[in-house]
Amino acid sequence: MSTNANLIALGTITRREVVRILRIWMQTLLPSAITMTLYFVIFGRMVGSRIGDIVPGIGYIDYIVPGLIMMAVITNSYGNISSSFFGAKFGRHVEEMLASPMPSWVILTGYVTGAVLRGLLVAVIVLIISLFFTRIHLYHPWVTLSTILLTSIVFSLAGFANAVYAKKFDDIALVPTFVLAPLTYLGGVFYSVNQLGSPWREISHANPILYMVNAFRYGLLGVSDISMGVAYAVMLGLAIVLGAIGMMLLERGIGLRT
Amino acid sequence: MSTVAALDVVELKKTYANGVEALKGVSLTVQPGDFFALLGPNGAGKSTLIGILSSLVNASDGDARIFGVSIRTQRSAAMRLIGLVPQELNFNMFEKPFDICVNQAGFYGIPRSVAAERAEKYLKQLVLWDKAFAPARAMSGGMKRRLMIARAMMSEPKLLILDEPTAGVDIEIRRSMWKFISAINAAGTTVILTTHYLEEAEQLCRNIAIIDKGRIIENTSMKLLLSKLDVETFVLDLAEPIAALPAMPHVKLTRVDEVTLEAEMSRQHDLNSLFATLSTQGVTVRSMRNKANRLEELFVRLVETGSASSGKAAA
């Protein structure tokens, strides 16, 4: 297809995803708003006020805001693409796309764009909620924006691979419950890895979410447990590897074509 | 006139992961503008063949060209030429028919304004416009089938493949669908139809291929195929009861009941002589019909012959 035709196709998938996100907003947007409000109330206000500063000059509630936003972005980006693409597979309307002239990269980019938009929308909602509890200072806007985009892309691509391999709805619930949730909680959302003793501090560095949370925290608060160069290398590396896997799955039709 | 075939299937093979050989080297040619029937019993390989042509199934070997464009080496360009109406409902039931059609056009790179016009045109032609903005799940089975035809027409394909489009649809809707598809064909679109309603294939299609156990066992024109049927059986409804069978040369008469006869006769003999003989013997025929659909009889024979010969070969 021509570039213009590819852009129309890309816009069609993205639009369909956005319509879906807004149509079922009680499933896509509201849960994160409620969960994060509870986190802010319990961990930020009730528990956080007794913990004090994790980093000198930064209160506990300020410290956890970037991690909580990132947590919402990861969950929503992953969940959007895994449920939407698996739903299309389950309902067989994925065939509309597979039997069309659209190249694989358009299908993948369309779904990823939809998932990233949901991630960003939820991030804005959580950010607005956080303003009821604390004041946010944006230290490095480009770091903040690029980190949130890269994180959302990485987890959208991971969710896509999950949806392609999934054979039943249970299969798309397993990874968020047994992989994403533990990695997120252990990824420095609520604490600094520098507070951990050896070997837990070193083990934590194997967790990719640690780099994303810290890069985002650097963008918002100007503090991080890790270097930005390593954080960007991890995020970009994961995006490239997962993007290649997504393309390979679509091109070969694994889990999609018999 | 174009000399490039609308569809040229060359030695297409498909073996599934479980070892089932669904296609064992299928070759087939469909000319541009044709209305082509692809028939076969359940599990013969029809849907696998259509799946490969529409790139939903990966071929194990061989190739197919749509108007000269290879589905293996130029998949995107080939898919641009095909419209598919699959056997199973495969649209998002939560979306509205108008959106389903417009989105389908979008996947083909057709601008939204053009897509909206086409959606209105085809939904109106298929009498679905009053349901265009309600969720598709609320539609009846016949409407859902028509929606899949409207969706396939959104890219205005040169080759339209219909995989049992009228399955489970009542006769009135089926006839309206035939009318629509015939008009599409008359306007120049090549149509490939698979169906279990053989009367449908006989009425609509000019050429035919019969596939069984992954092989093409017949590929000819409908006229030629039907001419192979050398014996036909007619059911005669009589005006009055008869006590004994009338004497008839060249016709095998069987009494079904007092007022019904079955007449099995060669195509070499005409019906006029049958009626004349019956008339001289004081038998009045009130009405007459074919005992079975002609194509149905041939189809059963061909498939049975195919099974018998493959059985012998296996033995």
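These questions and answers go through a predicted model.

Guide: Residues are numbered from 1 along each chain as written, and chains are lettered from A in the order written. In this predicted model, local features need pLDDT of at least 70, side-chain atom pairs count only at pLDDT 80 or more, and totals for chains, interfaces and linings use all residues.

Visitor: Where does α4(A) bend?

Guide: At A:Pro66, by about 25°. The bend is the angle between axes fitted to the seven residues ending there and the seven starting there.

Visitor: What makes α4(A) mostly covered?

Guide: Buried means 20 or more other C-beta atoms, placed from the backbone, within 10 Å of the residue's own. In α4(A), 28 of 31 residues are buried.

Visitor: Which residues of chain B are in contact with chain A, by class?

Guide: Contact means C-beta atoms, placed from the backbone, within 7 Å. On that basis 25 residues of chain B touch 24 of chain A. Elements giving two or more residues to this side of chain B are α2 (75-80) and α3 (97-107).

Guide: That side has 13 nonpolar (Ala, Val, Leu, Ile, Met, Phe, Trp, Tyr, Cys, Pro), two charged (Asp, Glu, Lys, Arg) and 10 polar residues (the others, Gly among them).

Terms used:
Contact = placed C-beta atoms within 7 Å. Helix = DSSP H or I, 4+ residues; strand = E, 2+ residues; numbered from the N terminus. Buried ≥ 20, exposed ≤ 12 C-beta atoms within 10 Å, placed from the backbone.
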